[in-house]
Amino acid sequence: MAIPPRERDDLVVARVLPASELLQRLARIDGRGYKAYKSIAGEYDFGDFRLIIDHVQGDPYAAPTSVRAVLDPEVAGFPGKLYANRSRRIALEDYLNRAFLRAISRFVKGHRGSGKSGMVAILPCGQEILERTSVRVSGGRVEFRFVVGLPARGRTVLGREAQVMFSEEIPKVVKAAGCYRNLDTAAVERHVATAEDQDALREMLPGMGLVAFIGDGSILPRRSGVSDEPMNRDRAVPFRSPPSLRVRVCLPNRGEVTGMGIPFGVTLIVGGGYHGKSTLLRALERGVYNHIPGDGRELVCTLAETVKIRAEDGRRVEKVDITPFIQNLPQGQDTTCFSTEEASGSTSQAANIMEALEMGAKVLCLDEDTSATNFMIRDVRMQHLVAKEKEPITPFIDKVRQLVTEKGVSVILVMGGSGDYFDVADTVIMMDEYVPYDVTQQAREVAERFRTGRKEEGGGRFGRVTPRIPLPHSIDARRGSKVKITPRTEERLQFGREEIQLAYVEQLVDVAQTRAIGDMIHLAQARYFDGRKTMAEALTQLMRDIDRHGLDMIAPPGRIRGDYARPRIFELAAAVNRLRTLKVRQLPRRDS
Ligand code: ADP
Ligand code: MG
């Protein structure tokens with residue numbers, strides 16, 4: 001693939017030069033204009049590792065210089081068992097990313113002039129273990145991809161400062177993080193083993209008839225609304241399964257553990273306000289990811305196809321068939337092919353469900369806190385006052401059983417406000433002072449004693465999930481003549497002229513995922529959306545190709561990027577669905 005001309009000269013990896021050559025070049029350009037730094041692009045032999053300067057920044061305030069450091073297997077010295085399978089390799093890479101971050105704060109002075117001068121940075125990491133492009137371990141070879149702010153005062157090259165960075169700081173960081181013998185080897189093993197256990201646990205769930213597992217002793221609450229770290233152990237009440245829901249699993253590394261299994265079907269989480277319902281659900285939502293040791297959620301796993309559903313009024317909806325939930329809108333608006341620039345609470349929630357089903361969701365998580373009330377319930381009094389014909393919404397309560405029986409989709413629902421759901425639940429868990437109790441039997445008895453008399457309004461069948469075909473011409477990453485894809489934060493993605501709002505896509509956990517999503521949409525537009533494949537087909541194929549070729553394949557041609565984290569297909573599709581220019585065609589009905 002052609003490399004854009006502007007980038008070509010930065011990419012010359014002609015031959016490996018001795019490290020001394022880099023230091024001499026830095027001495028030579030000391031005091032010159034910033035552009036002189038362009039001459040240091042290339043590959044250098046540092047003895048223990050090779051350093052590759054890929055792309056040199058244009059000025060001290062621009063995006064910093066991309067650099068790679070590669071350690072050969074003999075130098076890195078990692079035992080093969082640490083990267084023996086996919087789970088382990090990703091966890092090892094994740095650990096090394098964190099080790100590199102620690103080494104930066106230990107060895108890098110930081111500020112050395114104007115703008116980003118003196119900085120060394122690699123992807124920041126949260127509580128989740130994610131597949132990233134910042135560290136690659138392959139056949140024992142270790143590659144770090146990081147950025148360096150080449151030092152300058154104003155626009156004048158500070159060659160001596162750069163020499164210190166390249167001859168002292170960076171080698172220390174690379175060796176501290178990249179050599180097995182310099183690491184806390186027990187911690188590496190624990191990291192890798194924990195992740196492998198979580199993947200194994202997640203895969204065991206279907207065989208046990210479960211959609212989720214929460215280990216006894218887990219710490220679910222977080223430190224605060226803005227911190228994803230665990231609440232202090234002296235305040236947090238550790239999770240303890242009710243005996244009737246307790247299951248025993250045997251993990252490859254940790255061996256036997258016990259915890260609460262959430263069975264396939266409809267599970268209701270009830271309990272008084274502030275008793276820990278939403279905290280439990282949030283832990284389950286995040287259970288699609290592996291967590292680092294010490295997080296408290298290392299034994300919280302949900303099926304990989306678990307999707308959080310919420311109301312999201314204001315979002316755009318493009319030709320979604322929402323008839324299972326909404327019909328007969330005022331002014332005869334069509335709900336088999338529903339589009340709006342600004343959805344209401346209930347229509348957005350319906351669209352979010354239908355889009356998740358379209359992508360193959362197997363578990364839906366809903367919280368009353370973030371749901372539209374009229375989408376969730378319609379009680380007997382309302383049924384009498386407002387005739388069915390006058391109410392476009394078929395409430396979720398009347399569709400949830402059909403989801404289970406017809407579509408094989410389970411639902412985990414936090415509902416402290418309406419006991420009507422007792423009639424449709426398979427399992428009822430009550431949170432009481434942060435401790436769960438199995439109250440399924442009591443809820444059944446209550447439902448028997450106090451019959452609601454409500455009429456079911458769900459009809460005979462759930463209805464069709466209509467696949468949609470994205471039209472590639474409706475997606476354009478350009479602004480003016482240039483491709484412009486920039487994650488503003490994890491929740492806002494600049495894509496061409498559009499800004500995609502992802503704040504309510506709650507299982508997106510890292511801005512590096514948002515960055516990857518931007519480039520994945522761009523790639524999908526060029527190579528996967530062809531006007532024939534459905535959204536699910538096209539994005540599944542893209543994901544499979546990433547499995548085969550690695551996450552690097554999503555980078556723009558000729559670029560090597562260390563700042564992606566892999567998103568799930570659901571968040572990728574959610575971003576496509578929120579792109580305001582998106583046009584789709586519904587797949588014509590073949591059945592009936
Ligand atoms: P609910 O949804 O039932 O109203 P939340 O899940 O929002 O309750 O929890 C209310 C508060 O209790 C939150 O501040 C949360 O951090 C805290 N909390 C939740 N679970 C625990 C726990 N296991 N131990 C200690 N505090 C908890
Ligand atoms: Mg709540």
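**Exercises on strand pairing, a metal site and helix packing**

Strands β30 and β31 (residues 498–501) pair in the antiparallel sense over 4 bridges. Pairing requires that DSSP finds at least two bridges between two strands; strands (E, at least two residues) and helices (H or I, at least four) are DSSP runs numbered from the N terminus. The model is predicted: local features need pLDDT of at least 70, side-chain atom pairs count only at pLDDT 80 or more, and totals for chains, interfaces and linings use all residues. Residues are numbered from 1 along each chain as its sequence is written, chains are lettered from A and ligands numbered from 1 in the order in which they are written, and side-chain values use heavy atoms, with hydrogens and water left out.

**Exercise 1.** Describe the hairpins on either side of β30.

*Solution.*
- Step 1: β29 (residues 485–489) runs antiparallel to β30 (residues 492–495), with 4 bridges joining them.
- Step 2: 2 residues separate β29 from β30 in their hairpin, and Thr-489 stands opposite Arg-492.
- Step 3: The hairpin of β30 and β31 also has 2 residues between its strands, and there Gly-496 takes a positive phi near 60°.
- Step 4: Gln-494 has Glu-499 in β31 as its bridge partner.

**Exercise 2.** Find the protein donors of the magnesium ion (ligand 2) and state where they lie.

*Solution.*
- Step 1: Donors are N, O and S atoms within 2.8 Å of the metal (3.2 Å for Na, K and Ca); water is not among the atoms, so sites may look incomplete.
- Step 2: Ser-278 (OG) and Asp-369 (OD) are the protein donors, at 2.1 to 2.2 Å from the ion.
- Step 3: Ser-278 belongs to helix α7 (residues 277–286) and Asp-369 to the loop between β22 (363–367) and α9 (373–376), so the pair ties together parts 91 residues apart in sequence.
- Step 4: Ser-278 counts as buried because its relative accessibility is 14%, whereas Asp-369, at 57%, counts as exposed. The cut-offs are under 20% relative accessible area for buried and over 50% for exposed, with partly exposed in between (1.4 Å probe, protein chains only).

**Exercise 3.** How do the axes of α13 and α14 cross?

*Solution.*
- Step 1: The axes of α13 (residues 511–527) and α14 (residues 535–549) come within 11 Å and cross at roughly 115°. Axes are lines fitted to C-alpha atoms, for helices over the stretch in contact, with angles from 0 to 180 degrees between N-to-C directions.
- Step 2: α13 and α14 are therefore roughly perpendicular, a class that spans 65 to 115 degrees.
- Step 3: Contact (heavy atoms within 4.5 Å) involves Met-520, Leu-523 and Ala-524 of α13, and Leu-539, Leu-542, Met-543 and Ile-546 of α14.

Technical notes: Angles under 35 degrees count as roughly parallel, over 145 as roughly antiparallel, 65 to 115 as roughly perpendicular and the rest as oblique.
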